[in-house]
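Hi,

Here is the structure I promised to pass on. Have a look at it first, and then read my notes below.

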Amino acid sequence: MTEMNSQKDAALAAIAAADTLDALEEQRVAALGKKGWVSLALKTLGSMSPEERQEAAPAIQAVRAEVADAIAARKDALEAAALDAQLASETLDLTLPAPEAPHGSVHPVSQVMDELAEIFADLGFAVATGPEIEDDWHNFTALNMDESHPARAMHDTFYFPESDNDSDGHRMLLRTHTSPVQIRSMVEQGAPIRIIAPGRVYRSDSDATHTPMFHQVEGLVIDRGIHLGHLKWTLETFLKAFFERDDIVLRLRPSYFPFTEPSVEVDVGFEVVNGRRVLGGDGDAPGHGWMELLGSGVVNRRVIEFAGLDPDEWQGFAFGVGVDRLAMLKYGMDDLRAFFDGDLRWLDHYGFSPFDQPTLSAGVGAKA
């Protein structure tokens, strides 16, 4: 035991002097490993007599426990010292903003759709929807477009094969406007009616300001005694709220649409600011001009008849405008094709926060 006590004292001194975890591990292996001096001493117990074993075993176990406790204590001290050194060398400024996590955004078209719904809901309009795969009766015939009307041409319209005609023999197509929703709503609900019909529409066209698929919103009012004055007031109120300007000035020009009579094109006054068209002001004022924005008019008597209503009792007005174009004008975009590219960089720049819900009290425009 004298030799073991000497080994123990030397081991305890080496453990206390170990300045790294690796050095400490070497002392543990030397003492408690399979070939360590403590382990070898334990193996000698098997060759001893019961009396010798009864005397030697407690002493060896006591040495083993003392060495193990010394190693554990030194390990805790070294780990604590390492942590203190790391904390001293590494700093974290808790006043800095947290890194921004990836997040989604609201597409400009969806944002403008919400803004339109908010504005027209305040004017008493409901939102109506209809199928995007439409028949030619609702898309053309019921809107007073005869068989020879150029809008029916194959180069303007995406038709389905004639084998897909409906049960009444009507040709199926991708709707070219949301006006069929007006017909369906009048047939299903009757009059009076006050709706807007936003949605996707399809035409065979593609350039910087046209795409094969785009978005429209159309409005319809059917009631007694409706005239162009009601139409102009509605459009002025809508555009002032949407562009958040009180100086919106409209100019109504006579035009022709099969589904309205009389028909008017609506121009809006604008000025160029930093190379960008900004709506507002009188288009005849110096530095200003007129921009054609939408088409409208009093609903044609034949359209009212097609919807099953009496045109001598019910009158109305309708209007239509491109949602994508409204977004471009309000938020400063210059290429319609980018709306549908799915480029995350574009969406990060022009997208809106999901929490940026438009309200009339706070202003329908999204805040930067």
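How many salt bridges does the structure hold? There are 14 salt bridges in it. Keep in mind that this is a predicted model.

**Salt bridges**

Start with glutamate 115 and lysine 330, whose side chains meet in a salt bridge at 2.9 Å, N to O. This pair links distant parts of the chain: glutamate 115 belongs to helix α5 (residues 108-122) and lysine 330 to helix α10 (residues 323-331), 215 residues apart. Are these two buried or exposed? Both glutamate 115 and lysine 330 are buried.

Next, look at aspartate 267 and arginine 253, which form a salt bridge at 2.5 Å, N to O. Aspartate 267 has 2% relative accessibility, so it counts as buried, the cut-off being under 20%. Arginine 253, with a relative accessible area of 28%, is partly exposed.

Then there is the pair of aspartate 343 and arginine 345, with a salt bridge of 2.8 Å, N to O. Here aspartate 343 is partly exposed at 27% relative accessibility, while arginine 345 counts as exposed at 68%. Elsewhere, salt bridges with shared partners join Arg251, Arg253, Asp267 and Glu292 into one network.

**Helix α7**

Now find helix α7, residues 179-189. Its buried residues are Ser179, Pro180, Val181, Gln182, Ile183, Ser185 and Met186. If you're wondering what covers them, the elements include β2 (133-135), α6 (136-139), β4 (193-202), β5 (213-223), α9 (301-306) and β10 (315-322). One more thing to click on: glycine 190 follows α7, and its phi is positive, near 75°.

While you have a helix on screen, a general point is handy. An α-helix has 3.6 residues a turn, so residues three or four places apart point the same way.

**Leucine 21**

Last stop: leucine 21, in helix α2 (residues 21-32). Leucine 21 has a relative accessible area of 42%, so it is partly exposed. Which residues does leucine 21 touch, not counting those up to four places away in sequence? They are Lys75, Leu78 and Glu79. Leucine 21 and glutamate 79 are 58 residues apart along the chain, and their C-alpha atoms are separated by 8.0 Å.

Happy browsing!

Note on methods
Residues numbered from 1 in each chain as written. Predicted model: local features only at pLDDT ≥ 70, side-chain atom pairs only at ≥ 80, totals over all residues. Heavy atoms only, no water. Salt bridge = Lys/Arg side-chain N within 4 Å of Asp/Glu carboxyl O. Helix = DSSP H or I, 4+ residues; strand = E, 2+ residues; numbered from the N terminus. Buried < 20%, exposed > 50% of the residue type's maximum accessible area, 1.4 Å probe, protein only. Contact = heavy atoms within 4.5 Å.
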